[in-house]
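Q: I have a new structure open and would like to learn how to read it. Could you take me through it feature by feature?

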Number of protein chains: 2
Amino acid sequence: MKLYDAPRTPNPRRVRIFLHEKGISVPAEHLDLADGDHRAAQYRRLNPYGLVPTLVLDSGEAISESIAICRYFEALHPEPALFGAGALDIARVEMWNRRMEFHLYQPVAHAFRHLHPGMKDFEVPQVAEWGEANKPRVLATLRLLDGELAGREFIAGDRFTVADITALVAIDFLKPARIAVPEELGHLARWYAAVSARPSAAA
Amino acid sequence: MKLYDAPRTPNPRRVRIFLHEKGISVPAEHLDLADGDHRAAQYRRLNPYGLVPTLVLDSGEAISESIAICRYFEALHPEPALFGAGALDIARVEMWNRRMEFHLYQPVAHAFRHLHPGMKDFEVPQVAEWGEANKPRVLATLRLLDGELAGREFIAGDRFTVADITALVAIDFLKPARIAVPEELGHLARWYAAVSARPSAAA
């Protein structure tokens, strides 16, 4: 088994945090995206979209999409249940993980990829107007989250889940995207300090 | 329990097809999006993003995000297993469902929302260049799918899953987005005819 990883990229970090929380270690190979490793024919055979990460099983089968890789390990090692346990908890975690993906992570990614000069060879065409259109969406979700976190410890309830991982990675992605978290969001700041202090955050 | 639904919109259709495949019936209330029902304060309390569908449980708790609603029913009624069964199958289904969402459904939705004149009050600002940039991404995934479907019956393996539901709904979304499926994609056409003929497709 091997995990194709790339340092300083947000999606592989989601998987690394997840594995650390599970106490699972997987051999990794680091791709150099600046060097175009992800566009090489050999990697494209494993992942036709040329994205990271990809998990290659001992059978040679390749699983891509960060959350698919996480679900594979959740099924093999159910504890702690980072996707929830029981129908209602599973639904809450899925809802919040998806809200964090579609209304926080993706808008941050669009702002970064369409506005940052260093992304011009990665996002073709860069559409600056679309990048800018995403910034208010990011801020709206940060404010929504702050209100939610006034009433509970973690994003999907009273336990740490994959929704916290997605949100943490998305919020750390704000810095390269040059979007500031409004200072008045105190509940969000409390949550961010707590999840950032977990050993997994450094994975 | 009540499902807030909206006719002729793709995400609620995913849930309707899923429930039909499971043999589950849920009372529904139809929102009129043209009339702004989804923007009313009462609905925003259930779903702060004003999106459809939303499932309201007997407790009053609201679950949104189509796939979160589907996972709730999968946990309560595991058969047939539309999200896969066993770690490897679960990972494959999640990978393909996400590929269909991120590389087919979302690009079709961006093309539709940013280019269709009828969407100007729903997608603000409409960025035509971004809409156009998504069209080649749609075609690339249709070609990828055609190659995959040369080797197996359904998108994530030899059984119908939620990945087929997402792909079917995305492909039917091509028509309002004014994107044509290339005629030479015969394997895709065979799959499309088969999934469209299932009784659930009319749900």
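A: Let's start with confidence: pLDDT is the predictor's own confidence in each residue, on a scale from 0 to 100. Chain A averages a pLDDT of 97, with 100% of its residues scoring at least 70. The model as a whole scores ipTM 0.97 and pTM 0.97. This is a predicted model, so local features need pLDDT of at least 70 and side-chain atom pairs count only at pLDDT 80 or more, while totals for chains, interfaces and linings use all residues. As for labels, residues are numbered from 1 along each chain as its sequence is written, and chains are lettered from A and ligands numbered from 1 in the order in which they are written.

Q: In what order do the strands lie in the sheet of chain A?

A: Helices (H or I, at least four residues) and strands (E, at least two) are DSSP runs, numbered from the N terminus, and two strands pair if DSSP finds at least two bridges between them. In chain A, 4 strands form an open sheet in the order 2-1-3-4, with mixed pairing. Strand 2 (28-30) and strand 4 (62-64) of chain A each have a single partner strand, so one side of each is left without a neighbour in the sheet. From one strand to the next, the twist averages 20°; for such angles, axes are lines fitted to C-alpha atoms (for helices over the stretch in contact), and the angles run from 0 to 180 degrees between N-to-C directions.

Q: Which strand does strand 3 of chain A join through 3 bridges?

A: That is strand 4 of chain A, and strand 3 (residues 54-56) runs antiparallel to it. To find the pairing on your screen, look for V56(A), which stands opposite A62(A).

Q: How do I follow the pairing across the sheet of chain B?

A: Walk along its order, 2-1-3-4. Strand 1 and strand 2 of chain B pair in the parallel sense over 3 bridges, and there L3(B) has A28(B) as its bridge partner. Next, strand 1 (residues 2-5) pairs with strand 3 of chain B in the antiparallel sense, again over 3 bridges; K2(B) is partnered by V56(B). Strand 3 and strand 4 of chain B are antiparallel too, over 3 bridges, with L55(B) opposite I63(B). Helix 3 of chain B packs on this sheet, touching strand 3 and strand 4, and its direction makes about 115° with that of strand 4.

Q: Which domains does the assignment give for chain A?

A: Domain bounds come from an automatic or database domain assignment. For chain A it gives domain 1 (2-76) and domain 2 (87-202). Their centres, taken over C-alpha atoms, are 21 Å apart. Each domain of chain A puts 8 residues into the contact, where two residues are in contact if their C-beta atoms, placed from the backbone, lie within 7 Å. On the domain 1 side, helix 1 (residues 10-22) of chain A gives the largest share, 7 residues.

Q: How many residues does each chain give to the contact between chain A and chain B?

A: Each chain gives 25 residues. Helix 4 of chain B contributes the most to its side, with 8 residues. By class, the side of chain B has 17 nonpolar, 2 polar and 6 charged residues (Ala, Val, Leu, Ile, Met, Phe, Trp, Tyr, Cys and Pro count as nonpolar, Asp, Glu, Lys and Arg as charged, and the others, Gly among them, as polar). Since 100% of the interface residues of chain B are also interface residues in chain A, the copies meet through the same surface.

Q: What rotation superposes chain B on chain A?

A: Copies are superposed by least squares on the C-alpha atoms of residues with pLDDT of at least 70 in both. Here a rotation of 180° with 0.0 Å of shift along its axis does it, at an RMSD of 0.0 Å. The two copies are thus related as by a two-fold rotation axis. In chain B, W130(B) has the C-alpha nearest the axis, 3.4 Å from it.
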